Amino acid sequence: MNKSSKILTAPISYTLEELLHKRTGGAINFRGINYQMLYTCRLLLVELKDSNTQTKIRLEGIEDADLIRPALTVDNHNYIQLKSSDNKINAADFWAMGVLQNFIPIYLSDQKSTFTLVYNFKIAEGLLKELFESRLSLRAFEHWQRKIKQAFENEFDIHDFLQKITYEKHTVTELNQELNKQLYKNWNVNRGTEMQFINGLSYHVLQWSQKRETIGHQNLVSLFADINDAFSIAAVNDAVRHKWIESVDYISSSQGDADNYYEGKAAQPYHIASGLPARRKFWEKK
């Protein structure tokens with residue numbers, strides 16, 4: 001074998017445990033998908049709750065979700081893009097995400113369009129924060145104007161374009177809470193059954209998104225009717241039905257208020273999980 005044909009290999013210097021912690025790309029991708037799915041479920045429940053609404057939501061259309069609200073003479077289109085990250089994002093990171101670059105061609109085609117960026121990351125002070133808070137200084141405006149002009153040769157009103165974008169921050173916890181709230185308040189879902197409806201809606205959001213379908217109020221009514229029908233034929237333990245017993249999760253329950261343990265109330269799971277006054281390891285294991 002001559003020197004030019006030698007295969008160079010890097011020495012293996014990581015344990016399997018170290019490799020497990022380093023290779024997080026797949027998990028990060030799934031977190032992004034989960035974030036988009038939760039927000040889409042929330043958007044459907046909020047925007048389509050009225051039986052008389054003509055609003056439609058197109059999934060994976062021009063953007064992640066296209067919100068179509070019919071007006072008297074012309075449709076009002078709001079294009080929604082979702083971005084998820086565990087890192088703090090600065091102006092350079094945001095430009096690299098391509099959010100503005102994706103919105104601009106739509107704006108050039110229809111300048112009545114509006115846009116929404118939904119995100120869950122922290123934003124850096126300065127140029128990006130001014131953009132997100134719609135309070136651009138001259139320096140900040142000139143920065144974004146220069147970036148846009150370098151990427152697009154078209155002449156258009158950049159100030160008007162930037163004014164058409166709103167920014168909404170939602171955490172995963174907030175989205176989960178909002179889903180439960182909407183189901184109770186507007187969709188007549190009984191407490192204790194919400195996860196079946198969320199799971200059913202989440203699955204259908206994935207299916208609808210693959211087919212890039214447009215969803216209206218009646219789609220959700222039909223879906224929830226099917227879920228209710230499934231309840232009626234499924235066997236349910238009487239103890240669960242009447243809430244004589246219920247599942248306890250010591251991990252998620254640990255977020256409760258520990259102070260009321262000292263008010264003479266019965267100990268709750270989060271008291272036990274917090275070690276007040278001592279861990280019940282035997283029962284936690286059970």
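In the predicted model, the largest cavity is lined by Leu131, Ser134, Leu136, Leu162 and Gln163. This cavity holds about 30 Å³ of space, and the count of cavities of 30 Å³ or more comes to one. Rolling a probe the size of a water molecule over the atoms is what shows where such empty space is left.

Helix α6 comprises the 14 residues 138-151, which at 1.5 Å a residue should span 20 Å, and the end C-alpha atoms of the helix are 20 Å apart, in agreement with that expectation. Within α6, the residues Ala140, Phe141, His143, Trp144 and Ile148 are buried; because they cover an arc of only 160 degrees around the axis, they are placed on the same side of the helix. The elements that cover these buried residues include α3 (91-97), α4 (99-109), α5 (127-132) and α7 (158-163), whereas the face of α6 turned away from the buried side carries Leu138, Arg139 and Gln150, which are exposed.

When residues up to four places away in sequence are not counted, histidine 217 touches Leu48, Lys49, Asp50, Ser51, Thr53 and Trp187. With one of these residues, leucine 48, there is also a polar approach, in that a polar atom of the histidine 217 side chain lies 2.6 Å from the backbone oxygen of leucine 48.

Definitions and conventions: Residues are numbered from 1 along each chain as its sequence is written. This is a predicted model: local features need pLDDT of at least 70, side-chain atom pairs count only at pLDDT 80 or more; totals for chains, interfaces and linings use all residues. Side-chain values use heavy atoms; hydrogens and water are left out. A polar contact is a pair of N or O atoms within 3.5 Å; within protein, one must be able to donate a hydrogen and the other to accept it, and residues adjacent in sequence count only if both atoms are side-chain atoms. Contact means heavy atoms within 4.5 Å. Helices (H or I, at least four residues) and strands (E, at least two) are DSSP runs, numbered from the N terminus. The expected span of a helix is 1.5 Å times one less than its number of residues. Buried means under 20% relative accessible area, exposed over 50%, partly exposed in between (1.4 Å probe, protein chains only). The arc is that of the directions from the helix axis to the C-beta atoms. On a 1 Å grid over the protein atoms alone, a cavity is a set of points where a 1.4 Å probe fits but cannot get out, and a pocket is an open set with protein on both sides within 12 Å along at least five of seven lines; lining residues have an atom within 4 Å of a point. Grid points are joined across faces, edges and corners, and a volume is the space filled by probe spheres set on the points.
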